[in-house]
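This report describes one protein chain, going from its overall fold to a single annotated site. The sequence and the structure come next.

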Amino acid sequence: PIRSSSNGSTEEEKTLAMIKPDGVLGNYTERIKMVIVESGFSIIRETITQLDEHRASNFYVEHSSKSFFSGLIKYMTSGPVLVMILKKENAVADWRTLIGPTDAQKAKITHPHSIRAMCGLDSEKNCVHGSDSLESAQREISFFFGEISSGDAVGEHDEL
Ligand code: IDP
(Lines give C-alpha, C1' and ligand atoms only; values in the text may rest on other atoms or scores of the structure.)
Protein backbone atom coordinates (compact mmCIF):
# COMPACT_ATOMS: atom_id res chain seq x y z
CA PRO A 1 0.00 0.00 0.00
CA ILE A 2 1.08 3.55 -0.65
CA ARG A 3 1.73 5.43 2.57
CA SER A 4 -0.31 8.54 2.87
CA SER A 5 1.50 11.79 3.28
CA SER A 6 0.20 15.30 3.29
CA ASN A 7 2.70 16.79 0.88
CA GLY A 8 4.10 13.72 -0.87
CA SER A 9 7.65 14.67 -0.02
CA THR A 10 8.35 11.80 2.32
CA GLU A 11 7.37 9.05 -0.11
CA GLU A 12 10.09 6.58 -0.98
CA GLU A 13 10.01 6.31 -4.74
CA LYS A 14 11.68 4.18 -7.35
CA THR A 15 12.78 5.41 -10.71
CA LEU A 16 14.51 3.90 -13.70
CA ALA A 17 17.97 5.12 -14.59
CA MET A 18 19.89 4.03 -17.63
CA ILE A 19 23.45 4.62 -18.74
CA LYS A 20 23.10 4.73 -22.51
CA PRO A 21 25.59 3.16 -24.95
CA ASP A 22 27.81 6.26 -25.18
CA GLY A 23 28.08 6.33 -21.39
CA VAL A 24 28.93 2.64 -21.09
CA LEU A 25 31.38 2.64 -24.01
CA GLY A 26 32.90 5.90 -22.77
CA ASN A 27 33.68 4.28 -19.42
CA TYR A 28 31.48 6.61 -17.39
CA THR A 29 29.69 3.85 -15.50
CA GLU A 30 31.69 3.99 -12.27
CA ARG A 31 31.75 7.79 -12.14
CA ILE A 32 27.99 7.97 -12.67
CA LYS A 33 27.31 5.34 -10.02
CA MET A 34 29.47 7.29 -7.58
CA VAL A 35 27.38 10.42 -8.21
CA ILE A 36 24.19 8.39 -7.77
CA VAL A 37 25.23 7.04 -4.39
CA GLU A 38 26.70 10.33 -3.19
CA SER A 39 23.38 11.98 -4.06
CA GLY A 40 21.53 9.70 -1.66
CA PHE A 41 20.02 7.14 -4.04
CA SER A 42 20.17 3.41 -3.39
CA ILE A 43 20.78 1.25 -6.44
CA ILE A 44 18.41 -1.60 -5.68
CA ARG A 45 18.65 -3.51 -8.96
CA GLU A 46 20.91 -3.29 -11.96
CA THR A 47 21.39 -5.17 -15.18
CA ILE A 48 23.41 -4.70 -18.31
CA THR A 49 21.64 -5.46 -21.55
CA GLN A 50 21.90 -4.89 -25.27
CA LEU A 51 18.73 -3.46 -26.81
CA ASP A 52 17.70 -4.63 -30.25
CA GLU A 53 15.62 -2.50 -32.61
CA HIS A 54 12.35 -3.99 -31.44
CA ARG A 55 12.96 -3.40 -27.72
CA ALA A 56 14.43 0.07 -28.23
CA SER A 57 11.42 1.07 -30.37
CA ASN A 58 9.08 -0.27 -27.73
CA PHE A 59 10.88 1.59 -24.94
CA TYR A 60 10.70 4.88 -26.85
CA VAL A 61 7.30 4.26 -28.47
CA GLU A 62 6.04 7.71 -27.43
CA HIS A 63 8.65 9.22 -29.77
CA SER A 64 7.92 6.97 -32.77
CA SER A 65 6.55 9.81 -34.89
CA LYS A 66 9.44 12.18 -34.16
CA SER A 67 12.01 13.06 -36.79
CA PHE A 68 14.83 11.94 -34.53
CA PHE A 69 13.31 8.49 -33.87
CA SER A 70 15.37 6.40 -36.32
CA GLY A 71 18.57 8.06 -35.14
CA LEU A 72 17.55 7.47 -31.56
CA ILE A 73 16.98 3.75 -32.18
CA LYS A 74 20.31 3.42 -33.97
CA TYR A 75 22.03 5.12 -31.04
CA MET A 76 20.25 3.07 -28.38
CA THR A 77 21.16 -0.20 -30.13
CA SER A 78 24.80 0.77 -30.75
CA GLY A 79 26.08 -0.93 -27.59
CA PRO A 80 25.14 -2.18 -24.15
CA VAL A 81 23.12 -0.14 -21.67
CA LEU A 82 23.27 -0.35 -17.87
CA VAL A 83 19.79 -0.18 -16.38
CA MET A 84 19.23 0.52 -12.68
CA ILE A 85 16.33 0.93 -10.28
CA LEU A 86 17.09 3.85 -7.98
CA LYS A 87 15.28 4.35 -4.69
CA LYS A 88 14.99 7.45 -2.57
CA GLU A 89 12.45 10.02 -1.47
CA ASN A 90 11.37 11.99 -4.51
CA ALA A 91 13.56 9.76 -6.70
CA VAL A 92 11.82 10.52 -10.00
CA ALA A 93 12.21 14.29 -9.91
CA ASP A 94 15.57 14.26 -8.16
CA TRP A 95 17.12 11.91 -10.73
CA ARG A 96 15.78 14.10 -13.55
CA THR A 97 17.39 17.13 -11.88
CA LEU A 98 20.67 15.29 -11.45
CA ILE A 99 20.91 14.22 -15.10
CA GLY A 100 20.12 17.68 -16.43
CA PRO A 101 18.45 18.83 -19.66
CA THR A 102 18.09 16.64 -22.74
CA ASP A 103 20.58 18.62 -24.82
CA ALA A 104 23.98 17.92 -23.30
CA GLN A 105 25.50 20.97 -25.00
CA LYS A 106 22.99 23.19 -23.24
CA ALA A 107 23.51 21.23 -20.02
CA LYS A 108 27.20 22.16 -20.04
CA ILE A 109 26.18 25.82 -19.92
CA THR A 110 23.04 25.86 -17.81
CA HIS A 111 23.61 22.79 -15.56
CA PRO A 112 27.41 22.31 -15.46
CA HIS A 113 27.25 19.91 -12.53
CA SER A 114 24.68 17.62 -14.15
CA ILE A 115 25.55 14.15 -15.38
CA ARG A 116 24.69 15.04 -18.97
CA ALA A 117 27.09 17.98 -18.76
CA MET A 118 29.76 15.58 -17.52
CA CYS A 119 29.43 12.87 -20.14
CA GLY A 120 26.85 13.79 -22.80
CA LEU A 121 27.67 14.99 -26.30
CA ASP A 122 24.54 16.61 -27.80
CA SER A 123 20.74 16.41 -27.84
CA GLU A 124 20.81 12.76 -28.92
CA LYS A 125 23.90 11.25 -27.32
CA ASN A 126 23.20 12.45 -23.82
CA CYS A 127 24.62 9.54 -21.88
CA VAL A 128 21.81 8.81 -19.43
CA HIS A 129 18.07 8.31 -19.18
CA GLY A 130 15.63 9.00 -16.36
CA SER A 131 11.91 8.32 -16.09
CA ASP A 132 9.94 11.55 -16.43
CA SER A 133 7.05 10.66 -14.10
CA LEU A 134 5.98 8.05 -11.55
CA GLU A 135 3.85 6.41 -14.24
CA SER A 136 6.79 6.23 -16.65
CA ALA A 137 8.97 4.88 -13.87
CA GLN A 138 6.55 2.03 -13.20
CA ARG A 139 6.28 1.19 -16.89
CA GLU A 140 10.03 1.35 -17.45
CA ILE A 141 10.91 -0.66 -14.34
CA SER A 142 8.47 -3.35 -15.51
CA PHE A 143 9.94 -3.14 -19.01
CA PHE A 144 13.38 -4.15 -17.79
CA PHE A 145 12.76 -5.99 -14.53
CA GLY A 146 9.27 -7.44 -14.85
CA GLU A 147 6.39 -6.91 -12.49
CA ILE A 148 8.47 -7.26 -9.33
CA SER A 149 8.24 -3.60 -8.56
CA SER A 150 4.90 -1.88 -8.55
CA GLY A 151 6.24 1.54 -7.65
CA ASP A 152 4.37 1.56 -4.38
CA ALA A 153 6.21 2.94 -1.43
CA VAL A 154 8.42 0.21 -0.09
CA GLY A 155 8.52 -0.84 3.52
CA GLU A 156 11.42 -2.18 5.49
CA HIS A 157 10.57 -5.77 4.61
CA ASP A 158 10.71 -5.13 0.89
CA GLU A 159 13.55 -7.23 -0.50
CA LEU A 160 14.29 -4.53 -3.02
P1 IDP B 1 14.70 12.95 -22.09
O2 IDP B 1 15.57 11.73 -22.28
O3 IDP B 1 15.50 14.12 -21.55
O4 IDP B 1 13.46 12.68 -21.29
P5 IDP B 1 13.03 12.96 -24.47
O6 IDP B 1 12.44 14.16 -25.08
O7 IDP B 1 12.13 11.99 -23.77
O8 IDP B 1 14.23 13.44 -23.53
O9 IDP B 1 13.78 12.19 -25.65
C10 IDP B 1 14.24 10.88 -25.48
C11 IDP B 1 15.62 10.78 -26.07
O12 IDP B 1 15.56 11.02 -27.49
C13 IDP B 1 16.62 11.83 -25.56
O14 IDP B 1 17.19 11.48 -24.33
C15 IDP B 1 17.64 11.86 -26.68
O16 IDP B 1 18.52 10.75 -26.64
C17 IDP B 1 16.73 11.71 -27.91
N18 IDP B 1 16.33 13.04 -28.41
C19 IDP B 1 15.44 13.90 -27.87
N20 IDP B 1 15.32 15.02 -28.59
C21 IDP B 1 16.17 14.87 -29.63
C22 IDP B 1 16.49 15.70 -30.76
O23 IDP B 1 15.98 16.82 -30.93
N24 IDP B 1 17.41 15.19 -31.63
C25 IDP B 1 17.99 13.97 -31.48
N26 IDP B 1 17.70 13.16 -30.45
C27 IDP B 1 16.80 13.59 -29.53
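The sections below cover the fold, the sheet, the helices packed on it, the nonpolar core and the annotated residue.

## Overall fold

The model is predicted. The protein has 160 residues, of which 34% count as buried. Eight helices and four strands make up its secondary structure, and along the sequence they follow the pattern β-α-α-β-α-α-β-α-α-α-β-α.

Among contacts in the protein with a separation of 6 or more, 67% are between residues 24 or more positions apart.

## The sheet

The four strands form an open sheet with the order β2-β3-β1-β4, and their pairing is antiparallel. Strands β2 (42–49) and β4 are at the edges; each has a single partner strand, so one side of each is left without a neighbour in the sheet. On average, neighbouring strands are turned by 20° against each other, direction ignored.

Seven bridges join β2 and β3 in the antiparallel sense. In this pair of strands, I43 stands opposite L86 in β3.

## Helices on the sheet

Helix α5, residues 91–99, packs on the sheet and touches β1 (12–19), β3 and β4. The direction of α5 makes about 35° with that of β1.

Helix α8, residues 134–145, lies across β1, β2 and β3. Relative to β1, helix α8 runs at about 60°.

In soluble globular proteins, nonpolar side chains tend to be buried together. The largest nonpolar core here contains 36 residues, and the members touching the most others are L16, M18, I19, L86, I115 and V128. Strand β3 (residues 81–89) supplies the largest share of this core, six residues.

Leaving aside neighbours within four places in sequence, V128 is in contact with A17, M18, I19, K20, G23, I32, I99, I115 and R116.

## The annotated residue

An unreviewed UniProt entry places the feature "active site" at H129.

Is H129 buried or exposed? H129 is buried, because 20 other C-beta atoms lie within 10 Å, and a residue counts as buried at 20 or more. Apart from neighbours within four places in sequence, the contacts of H129 are with A17, M18 and K20.

Terms used. Residues are numbered from 1 along each chain as its sequence is written. This is a predicted model: local features need pLDDT of at least 70, side-chain atom pairs count only at pLDDT 80 or more; totals for chains, interfaces and linings use all residues. UniProt positions are given in the numbering used here, feature names are shortened, and annotations may be inferred rather than shown by experiment. A residue is buried if 20 or more other C-beta atoms lie within 10 Å of its own, exposed if 12 or fewer, and partly exposed in between; C-beta atoms are placed from the backbone. Two residues are in contact if their C-beta atoms, placed from the backbone, lie within 7 Å. Helices (H or I, at least four residues) and strands (E, at least two) are DSSP runs, numbered from the N terminus. A nonpolar core is a set of buried Ala, Val, Leu, Ile, Met, Phe, Trp, Tyr and Cys residues joined through C-beta atoms within 7 Å. Two strands pair if DSSP finds at least two bridges between them. Axes are lines fitted to C-alpha atoms, for helices over the stretch in contact, and angles run from 0 to 180 degrees between N-to-C directions.
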